[in-house]
Amino acid sequence: MATNPVVGFAPGTQVMSKPASGAPNCPPGLEYLTQLDQLIVHQQLEVMEILTGFDFKNRYQIKNSLGQQVYFAYEESSFCCRCWCQSHREFNMTITDNTGLQVIKIHRPWKCCSSAGSCWCADSADCCSDEVIVESPPGQVVAKIRHAGSKWLPHLEVKDATDQVVFHIWGPSCCLCQTICCTEDLDFKVYSKDGETEVGNIAKQWAGAVRECFTKVSHFGIQFPIDLDVKMKAALVGATMLIEYLYIESQNGQQQQRLMNKMMRLHVVINALPTMQCNSM
């Protein structure tokens with residue numbers, strides 16, 4: 001089994017102890033999920049991304065409700081993809097446990113006509129429908145999450161390894177709004193395959209005014225039944241990553257760019273003030 005020696009431990013990080021045994025047919029490393037009914041996903045702050053304006057590879061701490069680190073996720077993508085495709089880029093997301101064991105692999109293929117979060121054209125053609133493929137252990141597909149079409153609300157379908165729909169995920173609206181004046185969680189509710197019974201929730205949480213205004217850092221909370229198949233719990237982690245890139249990061253990038261543009265215009269005005277005063281004398 002592949003391992004990664006670099007595990008994301010911040011100073012003072014507490015880690016969750018590995019359970020003695022997992023459920024039958026539990027992929028290696030998913031034993032932790034048998035004891036959990038929620039996960040917290042915190043994106044790590046990249047200082048150089050703030051200073052340069054370029055997208056860096058995303059990294060996430062995945063914790064339990066006690067704040068103990070369960071997994072660490074890191075993106076693998078090319079500089080060109082991050083520069084030109086930005087939040088619509090192709091990537092591989094590797095998720096490791098606290099020993100460095102690769103537990104989950106999430107692959108997002110590049111689509112030549114990405115719907116860019118559009119609710120209207122996701123079902124019009126495969127090239128317009130974003131998706132991620134979840135493997136656990138890496139190399140063995142356990143789920144696919146596909147962006148499905150809708151008239152207004154964000155809609156994702158979660159399918160198992162046999163390509164059967166297991167969950168529907170519906171977001172709050174296609175025009176997601178979370179600002180300093182509107183700090184409520186953005187809930188992406190998880191429904192069973194009948195589309196009516198709510199079984200979980202993926203919430204984009206407010207990360208604080210400074211982080212939300214000046215960075216693209218995201219915080220998520222994932223809730224699911226404790227007796228849910230661990231493979232489907234892993235699938236909801238994959239769905240969270242698709243939501244992050246498809247809806248949240250693209251919006252945060254636009255907000256950050258608008259803020260930078262305003263600051264640049266303000267800088268120009270301030271520098272021009274002495275000249276304007278001299279001309280008026």
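Helices (H or I, at least four residues) and strands (E, at least two) are taken here as DSSP runs, numbered from the N terminus. The model is predicted: local features require pLDDT of at least 70, side-chain atom pairs count only at pLDDT 80 or more, and totals for chains, interfaces and linings use all residues. Residues are numbered from 1 along each chain as its sequence is written, and side-chain values use heavy atoms, with hydrogens and water left out.

**Overall composition**

The secondary structure of the protein chain comprises four helices and 12 strands. Of its 281 residues, 48% are buried, where buried means under 20% relative accessible area, exposed over 50%, and partly exposed in between (1.4 Å probe, protein chains only). The protein chain exposes about 13,700 Å², and carbon and sulfur atoms supply 58% of that area; accessible areas come from the Shrake-Rupley method with a 1.4 Å probe, and for residues only the protein chains shown count as cover. Contact denotes heavy atoms within 4.5 Å. Among contacts between residues at least 6 apart in sequence, 51% join residues at least 24 apart.

**Nonpolar surface patch**

Leu 45, Val 47, Met 48, Leu 51, Phe 54, Phe 56 and Phe 79 make a nonpolar surface patch of about 670 Å². Patches consist of residues with over 30% relative accessible area and no salt bridge, with like charges joined within 9 Å and nonpolar side chains (Val, Leu, Ile, Met, Phe, Trp, Tyr) within 5 Å. Helix H1 (residues 47–52) gives the most to the patch, with three residues. Phe 79 belongs to helix H2 (residues 79–85) and, at 46% relative accessibility, counts as partly exposed.

**Nonpolar core and aromatic pairs**

In soluble globular proteins, nonpolar side chains tend to be buried together. A nonpolar core is a set of buried Ala, Val, Leu, Ile, Met, Phe, Trp, Tyr and Cys residues joined through side-chain atoms within 4.5 Å. The largest such core holds 51 residues, of which Leu 30, Tyr 71, Ile 169, Ile 202 and Ile 243 touch the most other members. H4 gives the most to this core, with 14 residues. Leaving aside residues up to four places away in sequence, Ile 243 touches Leu 156, Ile 169, Phe 188, Ile 202, Phe 220 and Ile 248.

The whole structure contains three aromatic pairs. Rings of Phe, Tyr and Trp (its six-membered ring) pair if their centres lie within 6.5 Å; planes under 30 degrees apart count as stacked, over 60 as edge-to-face and the rest as tilted. The Tyr 32 and Tyr 71 rings have centres 5.6 Å apart and planes at 75 degrees, so this pair is edge-to-face. It links the segment before strand S1 (38–43), which holds Tyr 32, to strand S3 (residues 69–76), which holds Tyr 71, across 39 residues. Tyr 32 and Tyr 71 are buried. Phe 188 and Tyr 247 form a tilted pair, at 5.9 Å centre to centre and 35 degrees between the planes. Phe 188 lies in strand S10 (residues 186–192) and Tyr 247 in helix H4 (residues 230–280), 59 residues apart.

**Salt bridges**

A salt bridge is a side-chain nitrogen of Lys or Arg within 4 Å of a carboxyl oxygen of Asp or Glu. By this rule the count is four, including those tabulated below.

| Salt bridge | N to O distance |
|---|---|
| Arg 89 – Glu 75 | 2.7 Å |
| Glu 76 – Lys 105 | 3.6 Å |
| Lys 189 – Glu 198 | 3.8 Å |

Arg 89 and Glu 75 are buried. Glu 76 is partly exposed at 35% relative accessible area, whereas Lys 105 is buried at 17%. Lys 189, at 28% relative accessibility, is partly exposed, and Glu 198, at 44%, is partly exposed as well.
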